[in-house]
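Here is a friendly walk through one model, from single strands up to whole chains. Keep the viewer open as you read.

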2 protein chains.
Amino acid sequence: MSRAPRLTAFAIPAIPLIRSGDDIVGIILARAAAADMQMQDGDILVIASKIVAKAEGRYLRLSEVCSSERADALAAETGKDPRLVELILRESNAISRKRLGVLVTEHRLGFVSANAGIDQSNIEAGDDAALLLPSDPDGAAAAIRADIKARCSIDAAVIISDTHGRAFRVGNIGVAIGAAGLPAVKDLRGSRDLYGRMLEVTQLAYADLVASAAHLLSGEADEGLPAVVIRGLDLSARHGRAADMIRSAEHDLYR
Amino acid sequence: MSRAPRLTAFAIPAIPLIRSGDDIVGIILARAAAADMQMQDGDILVIASKIVAKAEGRYLRLSEVCSSERADALAAETGKDPRLVELILRESNAISRKRLGVLVTEHRLGFVSANAGIDQSNIEAGDDAALLLPSDPDGAAAAIRADIKARCSIDAAVIISDTHGRAFRVGNIGVAIGAAGLPAVKDLRGSRDLYGRMLEVTQLAYADLVASAAHLLSGEADEGLPAVVIRGLDLSARHGRAADMIRSAEHDLYR
């Protein structure tokens, strides 16, 4: 009889709007307890990067940003606000693609995404505010994992998730920009297939798969469900980081 | 009190090796029943494209393929078997990238992937055999959905999943190459965020998210778990096709 693996995923309800300095671990644990959804060893807690960034106070006011000449030129080319373009450039290593309405860059954290992940939706500060991504999402994931262990002795994995578009395909998916306590990439190189043939190279983007599964529940619009727990997966290695999923520019055919 | 959405996913155990002509719907339903995992209205059945292709008999023998001059030249450039390259070209509309060990094409079905999805792993016919993708995955998903409804009056959605690498990031993810009975793209344009600001454009690649969630359970190596049921999601529209997620070449900045 084969194994019958199973997972469950649930969104933690009633998480309030997060403000700069908030203790998001305490809030998530309290809301989980109030809903009788206490976390367990081996759970993966997937947290939307937006609430991590808000707790870190990663807000900037566009009215306080001075755009450079380079940002002004790019703003004219893309039709974006020059001050927003200035922030995108500050957060990026390189420009990948630009076009009217589109600015895709290599973020300083290594991944390629639109607008350097800077967000103006779901921000209570109004149209003048922009929210940067968390400063060190892998570090934040590790800190949250350690904090959960310290507070309630639960050995949970943590993913900080973001929403990315992609080349070739319509629609956004969930990706992990921070991870701790699980394999980010699951390496199947050297495994054998059902007929005993050696698989040449198969690497699963495991943390991205988890982030995408959580995305089915967390939504993007007015749902307010920024924390999802995934239970039942077999986390072999516990030392992955989201940075493991960054393909270096020299190995990338599309950058 | 907020809603607390939840999903469960389970792999149907003990599905045997599939051969050309096999009734995979009958096999999956029987194995689900034997494991007391009967499907329900609103479930999504995610089936690995490989067993659909096997049931369709999409095998070719490399020894019976004559490579063209174009395939021979590309084989020399990429280090691949000229007969395999010939098959890749026949299954493709255009070449996207080539490099030693790498041949990425736009498949005749529209998506961009390595080796036109032609597979030589998990095939019992040995090293001479290659397995093409199902001929019409959206059609196959619709037919399987109708078949499940006819046999047991269950209104299930169906996804035919494949494994794709991607630009910029390491590791494969699950994608839907066929879909029926669910939204492939969930369109959040016009929704409001938590603060009432209109979201400009947010489209979720919903069927790909589901395929990636299933991928956490189905594995890629010797696990033999080609059918996963996802339960608990709110399938608003029921008329999506995987083709909805193909970005047209003229709107793609990376093709």
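## A strand with two partners

Let's begin in chain B, where strand β2 (residues 44-48) and β12(B) pair in the antiparallel sense over four bridges. One pair to look for is B:Ile47, which stands opposite B:Ala227 in β12(B). Please keep in mind that this is a predicted model.

Strand β1 (residues 6-11) of chain B is also joined to β12(B), by four bridges, and the two run antiparallel. Here B:Phe10 stands opposite B:Val229. How many of the five residues of strand β12 (residues 227-231) of chain B are buried? Four of the five are, so β12(B) is largely enclosed by the rest of the structure.

## A buried aspartate in chain B

Next, have a look at B:Asp162, which lies in strand β8 (residues 157-164) of chain B. Is B:Asp162 buried or exposed? B:Asp162 has 26 C-beta neighbours inside 10 Å, and because the cut-off for a buried residue is 20 or more, B:Asp162 counts as buried.

Leaving aside residues up to four places away in sequence, B:Asp162 touches B:Ser49, B:Gly117, B:Leu133, B:Val175 and B:Ile177. For a sense of distance, B:Gly42 is 120 residues from B:Asp162 in sequence, and their C-alpha atoms are 22 Å apart in space.

## A three-stranded open sheet

Chain B also holds an open sheet of three strands, in the order β4-β5-β6, with antiparallel pairing. Its edge strands are β4 (92-99) and β6 (112-114) of chain B, each of which pairs on one side only. From one strand to the next, the twist averages 25°.

Within this sheet, strand β5 (residues 102-107) of chain B pairs with β6(B) in the antiparallel sense over three bridges. B:Thr105 has B:Ser113 in β6(B) as its bridge partner. Helix α3 (residues 69-78) of chain B lies across β4 and β5 of chain B, and α3(B) runs at about 30° to β4(B).

## Chain A as a whole

Turning to chain A, the secondary structure comes to six helices and twelve strands. The radius of gyration of chain A is 19 Å, close to the 18 Å that the globule rule gives for 255 residues, so chain A is as compact as a globular protein of that length. Taken along the principal axes, the box filled by the C-alpha atoms of chain A is roughly 65 × 50 × 30 Å.

Of the 255 residues in chain A, 50% are buried. Among the contacts in chain A with a separation of 6 or more, 59% are between residues 24 or more positions apart.

## Two domains in chain A

Where are the domain bounds in chain A? Domain 1 covers 8-57 + 134-244, and domain 2 covers 60-130. The C-alpha centres of domain 1 of chain A and domain 2 of chain A lie 26 Å apart.

The contact between them takes eight residues from domain 1 of chain A and nine residues from domain 2 of chain A. On the side of domain 1 of chain A that touches domain 2 of chain A, there are four nonpolar, two polar and two charged residues.

## A mostly covered helix

Helix α4 (residues 82-90) of chain A is mostly covered, with seven of its nine residues buried. These buried residues are A:Pro82, A:Arg83, A:Leu84, A:Val85, A:Glu86, A:Leu87 and A:Ile88.

What do the buried residues of α4(A) pack against? They pack against β3 (59-61), α3 (69-78), β4 (92-99), β5 (102-107) and β7 (129-131) of chain A.

## Two backbone angles to check

Most residues other than glycine have a negative phi. A:Ala14 is not a glycine, yet A:Ala14 has a positive phi of about 65°. A:Ala14 sits in the loop between β1 (6-11) and α1 (24-34) of chain A, and A:Ala14 is partly exposed, with 15 other C-beta atoms within 10 Å.

A:Asp36 is not a glycine either, and A:Asp36 has a positive phi of about 55°. The place of A:Asp36 is in the loop between α1 and β2 (44-48) of chain A. With 7 other C-beta atoms within 10 Å, A:Asp36 is exposed.

Note on methods:
Residues numbered from 1 in each chain as written. Chains lettered and ligands numbered in written order. Predicted model: local features only at pLDDT ≥ 70, side-chain atom pairs only at ≥ 80, totals over all residues. Buried ≥ 20, exposed ≤ 12 C-beta atoms within 10 Å, placed from the backbone. Contact = placed C-beta atoms within 7 Å. Pairing = 2+ DSSP bridges. Axes fitted to C-alpha atoms, helices over the stretch in contact; angles between N-to-C directions. Rg over C-alpha atoms; globule rule 2.2 N^0.38 Å. Domains from an automatic or database assignment. Nonpolar A, V, L, I, M, F, W, Y, C, P; charged D, E, K, R; others polar.
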